[in-house]
Amino acid sequence: MSTLIEDATRRLRTNPAAMCALLVLLCIVALTLIGPWFNPNSSETLDWSHVAARPAWAGAHWFGTDRLGRDLFARTLEGARVSLAVGLVASAVSLLVGIGYGAVAGYIGGRTDHAMMRGIEILSGLPLVFFIIFLTVIFGRSMYLLFWSIGAVGWLTMARIVRGQTLSIREREFIEAAVASGAGTARIIVKHVIPNVIGPVVVYATLTVPQIIMFESFLSFLGLGIQEPHASLGALIAEGAGEMEAAPWMLLVPGGLLAMLLLALNIFGDGLRDALDVKER
Amino acid sequence: MLRYFLTRLAGAVPTLFIIVTLAFFLIRAAPGGPFDQEQTLPPEIMANLQSAYGLDQPIWTQYRRYLGALLHGDFGPSFKYKDFSVTELIGQGFPVTLELGSVAMALALILGIPIGTFAALHHNRAADYATMSLAVVGIAIPSFVVLPFLGLLFGIYLHWLPVAGWEPGSLKHLALPVLALALPPLSVIARLVRASMLDVLRSHFIRTAFAKGLPLHTVIVRHALRPALLPVASYLPPAVASIMTGSLVVESIAGLPGIGRYMVQGALNRDYTLVMGMVIIYSTLLIAMGLLVDLLYAWLDPRVRLER
Amino acid sequence: MSPVLSIVDLTVSFAQPNGSICAVREVSLGVAARECVGIVGESGSGKTQAFMAAMGLLAANAAVQGSVRFEGEELLGLDRERLNHMRGAKLAMIFQDPMSSLTPHLKIGTQLAEVLVCHAGQSWHEARLAARRMLERVRVPEAERRLNQYPHELSGGLRQRVMIGMSLLCDPKLVIADEPTTALDVTVQAQIMDLLSAMRREFGMALVLISHDLGVVANLCDRILVMYAGRIVESAATLELLQHPRHPYTAELLKCIPSLSGPPLERLPTLAGQPPQPGATIAGCAFAPRCPRAAARCWTERPLLEDSDPADGQVGRVACHFPLPQ
């Protein structure tokens with residue numbers, strides 16, 4: 001198991017695209033965390049003397065300001081922070097739900113498994129996005145709903161994979177040993193099954209994180225996600241799209257940052273998958 | 001073959017049924033929604049509701065009425081556009097979205113398949129790396145970033161194309177939205193075809209085709225393409241789903257009067273019936289797409305056709 | 001009479017991430033018109049790759065040196081168009097696995113007819129008629145029905161007949177058959193070998209028969225070449241090779257064929273050891289580790305292919321320091 005990780009790390013290190021992407025990711029994260037220290041402006045102060053100003057050194061508005069005079073640098077970074085936070089939390093949620101569901105279905109097997117898989121089949125047939133929008137209409141835009149619904153985007157595939165892996169592991173000897181020593185089902189699932197399905201899970205996690213960040217931005221872009229006064233990259237892009245003609249930087253800055261973030265995540269994910277996957281492409 | 005198709009159809013019906021039922025009960029559960037008894041709504045809306053839903057009747061009767069209405073394509077009255085039924089609104093917007101979506105899908109296939117094939121034929125050379133890098137960009141960047149950027153470039157700086165607006169039959173107005181919509185599925189298709197084509201080109205029957213002295217284009221088009229397209233067929237339902245979700249954004253930005261824009265407006269305005277109708281329409285479309293793909297599979301691989 | 005196929009010092013190697021693997025080493029051979037030559041060797045002996053090189057079917061990472069001339073024309077490095085003009089028409093190849101060698105989604109008729117449409121400029125209608133006649137010639141019953149079927153609807157033997165027919169459509173001068181019966185049942189094997197024999201009589205083409213099975217090759221071929229570790233180690237007329245093998249490897253191969261007329265055996269005879277890894281560079285004779293006659297010289301000095309002075313007066317060669325006496 002550890003040689004697999006060593007091999008994978010080595011392959012990853014020799015992949016220039018993936019390493020670049022990792023660097024970009026780390027820069028973005030660093031920027032969102034320490035950026036505000038370099039810039040005196042907060043994302044909420046309205047600077048009436050610099051409304052819709054072009055990027056300039058004046059007033060330390062390096063990326064310009066928006067319609068209300070708020071510093072774009074600060075707002076974009078906050079937007080990035082929010083997107084990253086939501087992305088990670090929701091990914092964690094979808095991972096947990098997916099792994100749990102899949103492990104239980106795979107381990108218990110039989111009719112329970114069959115029923116659970118049928119459930120997944122039905123859910124996969126639905127256009128989840130639309131249903132989630134429907135839910136936001138019905139229940140309003142609470143953060144709580146947002147986290148869970150965004151998490152719902154990724155867990156189905158995860159559950160399927162984990163269930164498949166669990167089924168194949170179930171028959172192996174160490175499971176028999178654990179059962180023989182009197183371990184309960186839950187304990188077996190947690191301590192034995194889960195550690196062994198980590199491989200493919202990591203692979204799909206790399207697909208899920210950018211998917212979720214994209215989905216969150218999508219919702220906020222449409223006005224259905226995180227809204228004023230909080231900034232989210234999606235909402236900022238929507239604002240910027242409206243001001244495209246007069247103040248293009250309002251679009252280019254958050255749009256460019258989101259694009260870079262997603263691109264870096266995708267490229268790094270590709271690299272990670274190539275490193276873990278034995279087949280050469 | 002027919003039996004196989006009917007079995008699949010039978011499997012799809014429960015899914016649709018669940019969606020429809022879920023929608024029915026969800027709407028009634030909405031706090032502050034149309035069926036919340038504590039609500040005070042404008043009298044016209046209340047009157048519409050009464051006549052449309054028979055709110056004084058027991059819930060199962062309401063349910064039956066609802067199902068019956070659905071089968072006739074009646075989704076009820078809109079909550080915000082007082083003079084329109086949801087069905088009318090859908091009828092207005094659907095052709096626009098259909099045009100947008102089908103052109104985008106066609107573009108994705110017409111460009112994606114050759115690009116993927118080209119990359120496979122130039123495996124591990126510059127052309128391969130170049131096209132696949134572009135494909136990653138196409139997949140990673142969402143349409144609500146691509147479209148404004150395209151609009152900025154082609155509309156505002158270059159003045160080649162209009163940024164927004166819609167005139168029926170106008171190609172110019174469709175160009176950028178279609179491009180933004182088609183880019184993600186196009187990129188996925190290119191990657192899929194490349195991988196699949198590389199696989200197929202290693203097959204023994206391709207070796208035979210070359211041994212027969214057939215020219216390269218014949219080998220690719222007649223012998224390699226159909227098996228290579230199987231993964232693309234599997235990808236079609238997600239592609240359609242991607243175009244459907246993309247249309248929400250693209251229509252809103254570009255101001256196209258399609259059902260996507262109605263859906264977004266409906267969501268923002270809390271027009272419950274409109275959104276519910278949209279959800280059912282989209283779901284039905286997706287399920288229909290899945291069934292079509294099964295038929296496509298049978299054509300691509302005769303073994304499926306004859307053994308069913 | 002100039003040979004139909006003339007291979008001189010052919011070397012084929014494949015580039016790998018960690019060095020390159022040499023599959024064919026300095027192989028030289030000739031095939032005369034109407035002649036049937038058998039190529040025998042274990043897997044990895046290079047027998048298939050040598051002829052893949054002739055047909056231009058090698059993998060992308062292959063490096064080829066030497067010369068392969070077909071009717072005097074050099075095939076290696078030939079431009080695509082000219083190569084396509086020749087292969088499938090004047091020089092054809094039949095492969096081992098008829099199921100995976102036919103395109104699954106095209107009808108048999110289409111796969112046959114396209115050869116004529118492409119090479120003979122025929123219309124699809126004419127080509128299909130010709131295809132049906134060919135199916136009849138290769139003894140496929142109900143030819144018309146078969147034309148409209150897909151490969152998976154035919155049995156292995158029938159598919160191989162189709163492959164054979166496909167190779168003969170343009171009346172080639174040379175047909176290369178790579179293990180044509182290996183994937184088939186024993187009874188079907190005999191039928192296919194009979195078919196090849198009959199086709200040879202009817203069409204008069206030269207035939208190269210590649211196999212790991214001496215028995216298959218013995219019946220049909222005028223001459224046999226034995227390959228080991230990428231090199232030819234012996235060549236002789238068939239009867240001479242079977243009765244008086246000169247190379248120890250050939251002798252061991254012959255011993256492995258159980259005889260119906262001999263005493264009952266307790267164990268089937270086998271050759272001890274394994275052939276060398278395809279990539280390995282070997283000093284001396286590659287067969288030395290497994291050779292019952294090996295001496296010190298065999299380990300250091302590679303034996304060259306030399307005239308073996310066979311008893312039947314025909315051309316024979318052997319690459320051995322201590323060949324078996326006549």
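pLDDT is the predictor's confidence in each residue, on a scale from 0 to 100. Everything below comes from a predicted model, where local features need pLDDT of at least 70 and side-chain atom pairs count only at pLDDT 80 or more, while totals for chains, interfaces and linings use all residues. Residues are numbered from 1 along each chain as its sequence is written, and chains are lettered from A, with ligands numbered from 1, in the order in which they are written.

**View 1. Chain A and its confidence.** Chain A has a mean pLDDT of 76, with 77% of its residues at 70 or more. Its secondary structure is twelve helices and zero strands, where helices (H or I, at least four residues) and strands (E, at least two) are DSSP runs, numbered from the N terminus. Of the 281 residues in chain A, 46% are buried. A residue is buried if 20 or more other C-beta atoms lie within 10 Å of its own, exposed if 12 or fewer, and partly exposed in between, with C-beta atoms placed from the backbone.

View 2. Leu22(A) sits in helix α2 (residues 16–38) of chain A. Leu22(A) counts as partly exposed because it has 18 C-beta neighbours inside 10 Å. From Leu22(A) to Ile267(A) is 245 residues in sequence but 8.6 Å in space, C-alpha to C-alpha. For the chain as a whole, take the contacts in chain A between residues at least 6 apart in sequence: 69% of them join residues at least 24 apart. A contact here means two residues whose C-beta atoms, placed from the backbone, lie within 7 Å.

View 3. Chain B is another helical one, with 13 helices and zero strands. Helix α7 (residues 171–201) of chain B has 31 residues; a straight helix of that length would span 45 Å at 1.5 Å a residue, yet α7(B) spans only 38 Å between its end C-alpha atoms. The expected span is 1.5 Å times one less than the number of residues. There is a kink of about 40 degrees at Leu183(B), shortly before the proline Pro184(B). The bend at a residue is the angle between axes fitted to the seven residues ending there and the seven starting there. α7(B) is mostly covered, with 24 of its 31 residues buried. Across chain B, buried residues make up 42% of the 308 residues.

**View 4. Where chain B meets chain A.** This contact takes 42 residues from chain B and 35 residues from chain A. On the chain B side, the elements giving two or more residues are α1 (2–29), α5 (126–140), α6 (143–157), α10 (230–254), α11 (259–269) and α12 (272–300). α12(B) gives the most, with ten residues. Sorted by class, the chain B side has 34 nonpolar, seven polar and one charged residues. For that count, Ala, Val, Leu, Ile, Met, Phe, Trp, Tyr, Cys and Pro are nonpolar, Asp, Glu, Lys and Arg are charged, and the others, Gly among them, are polar.

**View 5. Where chain C meets chain B.** Here 23 residues of chain C are in contact with 18 residues of chain B. The elements giving two or more residues to the chain C side are α2 (80–86), α3 (98–101) and α4 (108–119) of chain C. α4(C) gives the most, with four residues. By class, the chain C side has eleven nonpolar, nine polar and three charged residues.

View 6. Ten of the twelve residues of α4(C) are buried, so α4(C) is largely enclosed by the rest of the structure. The buried ones include Ile108(C), Leu112(C), Leu116(C) and His119(C). Among what covers them are α5 (124–137), α6 (143–147) and α7 (156–168) of chain C. Just after α4(C), Gly121(C) takes a positive phi of about 65 degrees.

**View 7. A parallel strand pair in chain C.** Strand β6 (residues 91–94) of chain C runs parallel to strand β7 (residues 174–178) of chain C, and four bridges join them. Two strands pair if DSSP finds at least two bridges between them. Ala92(C) has Val175(C) as its bridge partner in β7(C). Leu91(C) and Met93(C) point one way from β6(C), Ala92(C) and Ile94(C) point the other way, and all are buried. In a regular strand, side chains alternate between the two faces of the sheet.
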